[in-house]
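Please look over the sequence and the structure below before reading on.

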Amino acid sequence: MSTERKVLDHFHADARRFDAIYEEHKDPLTRFIDHVWRGVVRRRMDLTLDKLGDLRGRSVLDVGCGSGRYCVAFAARGASRVVGVDFAPAMIDLARTIATNAGVADRCTYIVGAFPDDVPPETFDVSTAMGFFDYIPDPARMVAAMRERTRSTMVMSFPKANEWRVPIRRVRFRMLGCPLFLYTEERTRAVLKDAGVRDYEWIPLDRDYIVIARAG
Ligand SMILES: C[S@@+](CC[C@H](N)C(=O)[O-])C[C@H]1O[C@@H](n2cnc3c(N)ncnc32)[C@H](O)[C@@H]1O
């Protein structure tokens, strides 16, 4: 089975559990585990929204959008067009429901498919790929494809290879049968260079490196 297929199957089956990280109402034990183990998922979203600021009239591509929590937040901050792409159908089903419930479905378009091959060659003001490179064997190709589709700013997260949670995370993903790719600072910077990204802000955040790059 290909790497892509294993990742797709994992997130198709895991969509609801993944999205629950964003839920406000949960029991104290789940809240504690989410905070320690997956707190970065929410922290990197807060950071992304803070860095992008006012999105009025702007277009955004969200690569590996999952359940579309970023897409809804971008639309709520005024983005005129948001396209989310994810190859896990259950993630996109959730994303459509969440956008409808938030009243922003008219500005959110979702594509069930693989980035970049299934995404039409449209360009956007902003692109994001958060919690995406963890599952990507050829990251420079993906960053380059994002760059081609972005006029202004790209926001990306890369999971650190050297971090206290890594050994457990590796075992967990091996047991789940889902590939996992981790990055040193040196490798991440090499990926960015190979993709032609030279001008960027580098922010270590919890178990991730966050990169905010100028696409040009
Ligand atoms: C950990 S989730 C992150 C979701 C969302 N960005 C967030 O942070 O809430 C990663 C998502 O990337 C998707 N994905 C991985 N590789 C992909 C590819 N090549 N094309 C489209 N989606 C992909 C998976 O299906 C999964 O839903």
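Predicted model: local features only at pLDDT ≥ 70, side-chain atom pairs only at ≥ 80, totals over all residues.

Residues are numbered from 1 along each chain as its sequence is written, and side-chain values use heavy atoms, with hydrogens and water left out.

**The ligand and its shell**

- The ligand has 23 residues around it, and Tyr-22, Gly-64, Asp-86, Phe-115 and Met-130 come nearest, where a residue is near if one of its heavy atoms lies within 4 Å.
- Polar contacts (pairs of N or O atoms within 3.5 Å) include one from a polar side-chain atom of Tyr-22, which lies 2.6 Å from an oxygen atom of the ligand, and one from a polar side-chain atom of Asp-86, also 2.6 Å from an oxygen atom of the ligand.
- Gly-64 takes part through its backbone, with an N or O atom 2.8 Å from a nitrogen atom of the ligand.
- On its own the ligand has 600 Å² of accessible area (Shrake-Rupley method, 1.4 Å probe), and the protein covers 99% of this area.
- Helix α1 (residues 3-19) gives the largest share of the shell, four residues; helices here are DSSP runs of H or I with at least four residues, and strands are runs of E with at least two.
- Sorted by class, the shell holds 16 nonpolar, four polar and three charged residues, with Gly counted as polar and Tyr as nonpolar.

**The largest pocket**

- The ligand sits in the largest pocket, meaning that more than half of its atoms lie within 2 Å of the pocket's grid points.
- A pocket is an open set of points on a 1 Å grid over the protein atoms alone, with protein on both sides within 12 Å along at least five of seven lines, and its lining residues have an atom within 4 Å of a point.
- The volume of the largest pocket is about 660 Å³, and among its 45 lining residues Phe-11, Gly-64, Gly-131, Phe-132 and Tyr-135 are the closest to its centre.
- Helix α1 supplies the largest share of this lining, eight residues, and the lining as a whole has 23 nonpolar, eight polar and 14 charged residues.

**The cavity**

- The whole structure has one cavity of 30 Å³ or more, a cavity being a set of grid points where a 1.4 Å probe fits but cannot get out.
- The largest cavity holds about 40 Å³ of space, and its lining residues include Pro-159, Glu-163, Arg-169 and Arg-207.

**Backbone points**

- Most residues other than glycine have a negative phi, and most peptide bonds are trans.
- The peptide bond from Phe-115 to Pro-116 is cis, with omega near 0°, and Pro-116 is found in the loop between β3 (108-112) and β4 (124-129).
- Asp-206, although not a glycine, has a positive phi of about 55°, and Asp-206 is found in the loop between β6 (200-205) and β7 (208-214).

Key
Polar contact = N/O pair within 3.5 Å; in protein donor to acceptor, adjacent residues only side chain to side chain. Points joined across faces, edges and corners; volume = space filled by probe spheres on them.
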